[in-house]
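Reader: Could you take me through this model, starting with the rings and then going inward?

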Amino acid sequence: VNAGANVINLSLSIPESSRVLQEATDYAATNGVVVIAAAGNDGQKVALYPAAYDHVIGVGAVDSKNQKASFSNYGNRSVAVVAPGADLYGPYPVPGTMGMAYWSGTSFSTALVTGEAALLFQLEAGHRKAADRVTRTILESATSLEDIDPVYGDQLGRGLIDLYAAVIE
């Protein structure tokens, strides 16, 4: 049983597979850790890593209309689910104080999915197959966007994360 982290957030993406990164994500998954990675911000149908690895939940971004954010990469090889990631209002470090700003990117979407996974781990506490159950719940509770985004909806993985459905259903 893993006594350390249950979830790893990798808000990064690279264009080519890396043996070291592949081994690290495989090791984490084998040891009961859910790995969540950003799909990238090129606005292209491209497989970036580590989001494209098996056992990694790749995350794309949607805008306020639940449509693919213009910058978000797409395609089912790198995108397992999507989450809000466009024009999110949050803290901005300013020397001597903390300001606020609007942010966009699949890294922010990845953080939301990471939070969902952390909550689900709390609900699965002690279960021998918690990581598998958390991953399955994130994927199966997502809402398809094929009707909302007819251009990209079928290329946004399982769709928009739905924390309510993940926890209640």
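**Rings, core and backbone**

Reader: What lies over the face of Tyr152?

Author: Lys68 does, at 4.7 Å from the ring centre, where a charge counts as over a ring if NZ of Lys or CZ of Arg is within 6 Å of the ring centre and within 35 degrees of the ring normal. This is a predicted model, in which local features need pLDDT of at least 70 and side-chain atom pairs count only at pLDDT 80 or more, whereas totals for chains, interfaces and linings use all residues. Residues are numbered from 1 along each chain as its sequence is written, and side-chain values use heavy atoms, with hydrogens and water left out.

Reader: And how many aromatic pairs are there?

Author: The structure holds five, a pair being rings of Phe, Tyr or Trp (its six-membered ring) with centres within 6.5 Å, called stacked if the planes are under 30 degrees apart, edge-to-face if over 60 and tilted for the rest. One of them joins Tyr89 and Tyr102, which are tilted, with 4.9 Å centre to centre and 50 degrees between the planes. Tyr89 lies in strand S5 (residues 88-94) and Tyr102 in strand S6 (residues 97-103), so this pair ties together parts that are 13 residues apart in sequence; helices (H or I, at least four residues) and strands (E, at least two) are DSSP runs numbered from the N terminus.

Reader: Are those two tyrosines buried or exposed?

Author: Both Tyr89 and Tyr102 are exposed, on a scale where buried is under 20% relative accessible area, exposed is over 50% and partly exposed is in between (1.4 Å probe, protein chains only). Another tilted pair is Trp103 with Phe108, whose ring centres are 5.9 Å apart and whose planes are at 40 degrees. Trp103 is partly exposed at 28% relative accessible area, as is Phe108 at 30%, and together with Tyr92 these two residues form one aromatic cluster.

Reader: Tell me more about H3, then. What covers its buried residues?

Author: The buried residues of H3 are Ala130, Ala131, Val134, Ile138, Leu139 and Ser141, and their cover includes strands S2 (34-38), S3 (56-62) and S4 (81-84) together with helices H2 (106-123) and H4 (163-168). Counting contact as heavy atoms within 4.5 Å, and leaving out residues up to four places away in sequence, Ile138 touches Ile57, Val81, Val113, Glu116, Ala117, Leu120 and Ile161.

Reader: Now S2: which way do its residues point?

Author: Val34, Ile36 and Ala38 point one way, Val35 and Ala37 point the other way, and all are buried. With five of its five residues buried, S2 is largely enclosed by the rest of the structure. S2 runs parallel to strand S1 (residues 7-10), joined by four bridges, where two strands pair if DSSP finds at least two bridges between them. Asn9 has Ile36 as its bridge partner in S2.

Reader: What is Ala38 in contact with?

Author: Beyond its neighbours within four places in sequence, Ala38 is in contact with Leu10, Ser11, Leu12, Ser13, Ala51, Val59, Thr106, Ser107 and Thr110.

Reader: Switching to the backbone, where is the cis peptide bond?

Author: The bond from Tyr49 to Pro50 is cis, with omega near 15 degrees, and Pro50 lies in the loop between S2 and S3. Most residues other than glycine have a negative phi, and most peptide bonds are trans. Asn66 has a positive phi near 60 degrees; Asn66 sits in the loop between S3 and S4 and is partly exposed, with a relative accessible area of 24%. Asp87, in the loop between S4 and S5, also has a positive phi, of about 55 degrees, and at 55% relative accessibility Asp87 counts as exposed.
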